[in-house]
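Please keep the model open while reading the numbered points.

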Amino acid sequence: KPFMGYINYAQKGKAPSESSKDDLLSIITDLQAEFIADKGAHFVFGKALESLLKITRSEYGFIGEILKSNEGDPYLQTQAITNIAWDSDTQAFYRQNAPSGMAFYNLETLFGHTIKTGETVIANEPANHPSRGGLPEGHPPLNHYLGIPLHLGNQFVGMAGIANRPGGYSESQLSELKPLINTLATLIAAYHQDQ
């Protein structure tokens, strides 16, 4: 089944870079097939997030669409988000809102910086980053963060945010993810058009 596991290409004699490229191609192919099969946004973007977290070895994250409020201000509407609920209230909120997407309007945060500017944020010391916004009491630790804008041509359609990759994030890792980032942008735009 798609996304249920990845072949260990290193055991088949391929170099690690070939393995990564093959894994990425397999993920992209599966995502496109699931979208075309009309499995639903929650399913497709959930699988996309699961794959993104796995290939980057990140603990949690989200994928979302950039929309505009009635006043014309940008905000994030999630299509997939990791359950990081830390008490019964946040668990209930997650269960109620995650399937239909959560809207985030506070742009004075690390991910808010990406929403406002359309720029990548690499924060390997998030507590010291100028765009930090703080964490709610009880929130899981945020040791490293990568905010990835999703552009389709010159249109800023969405973003992904991932956290806590051991050792942090870098521009070179972001570059390796480019085919998946482009696919996510295309899927977000296609989903928006379908709506």
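1. Start with Glu-65. Leaving aside neighbours within four places in sequence, Glu-65 is in contact with Tyr-75, Leu-76, Gln-77, Gln-79, Val-157, Gly-158, Ile-188, Tyr-191 and His-192. Contact means heavy atoms within 4.5 Å. Glu-65 lies in strand 1. It counts as buried because its relative accessibility is 5%. Buried means under 20% relative accessible area, exposed means over 50%, and partly exposed lies in between (1.4 Å probe, protein chains only). The C-alpha atoms of Glu-65 and Ile-115 are separated by 9.8 Å, and the two residues are 50 residues apart along the chain.

2. A word on the source. This is a predicted model, in which local features need pLDDT of at least 70 and side-chain atom pairs count only at pLDDT 80 or more, while totals for chains, interfaces and linings use all residues. Residues are numbered from 1 along each chain as its sequence is written, and side-chain values use heavy atoms, with hydrogens and water left out.

3. Now the overall fold. The protein chain has six helices and six strands. Helices (H or I, at least four residues) and strands (E, at least two) are DSSP runs, numbered from the N terminus. Along the sequence the pattern reads α-α-β-β-α-β-α-β-β-β-α-α. Among contacts between residues at least 6 apart in sequence, 57% join residues at least 24 apart.

4. Next, burial and surface. The protein chain has 195 residues, and buried residues make up 43% of them. Its accessible surface comes to about 10700 Å², with 50% belonging to carbon and sulfur atoms. Accessible areas come from the Shrake-Rupley method with a 1.4 Å probe; for residues, only the protein chains shown count as cover.

5. What is the volume of the largest pocket? It is about 840 Å³. A pocket is found on a 1 Å grid over the protein atoms alone, as an open set of points where a 1.4 Å probe fits, with protein on both sides within 12 Å along at least five of seven lines. Grid points are joined across faces, edges and corners, and a volume is the space filled by probe spheres set on the points.

6. Which residues lie nearest the centre of that pocket? They are Ile-84, Phe-104, Phe-111, Pro-136 and His-139, out of 31 lining residues. Lining residues have an atom within 4 Å of a point. Strand 1 (60–68), strand 2 (74–81), helix 3 (88–97), helix 4 (110–117) and strand 6 (155–163) each supply at least two residues of the lining. By class, the lining has 21 nonpolar, nine polar and one charged residues. Here Ala, Val, Leu, Ile, Met, Phe, Trp, Tyr, Cys and Pro count as nonpolar, Asp, Glu, Lys and Arg as charged, and the others, Gly among them, as polar.

7. Check helix 6 (residues 178–194). At 1.5 Å a residue, its 17 residues should span 24 Å, and its end C-alpha atoms are 24 Å apart, which agrees. The expected span is 1.5 Å times one less than the number of residues. Buried residues of helix 6 include Leu-180, Ile-181, Leu-184, Leu-187, Ile-188 and Tyr-191.

8. Arg-57 has a positive phi, near 60 degrees. Arg-57 lies in the loop between helix 2 (41–56) and strand 1, and counts as partly exposed because its relative accessibility is 47%. Asn-164 has a positive phi of about 70 degrees. Asn-164 sits in the loop between strand 6 and helix 5 (171–176). Is Asn-164 buried or exposed? It counts as buried, at 5% relative accessibility.

9. Pro-166 also lies in the loop between strand 6 and helix 5. Its relative accessible area is 46%, so Pro-166 is partly exposed. Pro-166 and Asn-143 are 23 residues apart in sequence and 8.8 Å apart in space, C-alpha to C-alpha.

10. Thr-109 lies in the loop between strand 3 (103–104) and helix 4. Thr-109 counts as buried, at 12% relative accessibility. Leaving aside neighbours within four places in sequence, Thr-109 is in contact with Ser-131, Arg-132 and Gly-133. Thr-109 and Leu-135 are 26 residues apart in sequence and 9.3 Å apart in space, C-alpha to C-alpha.
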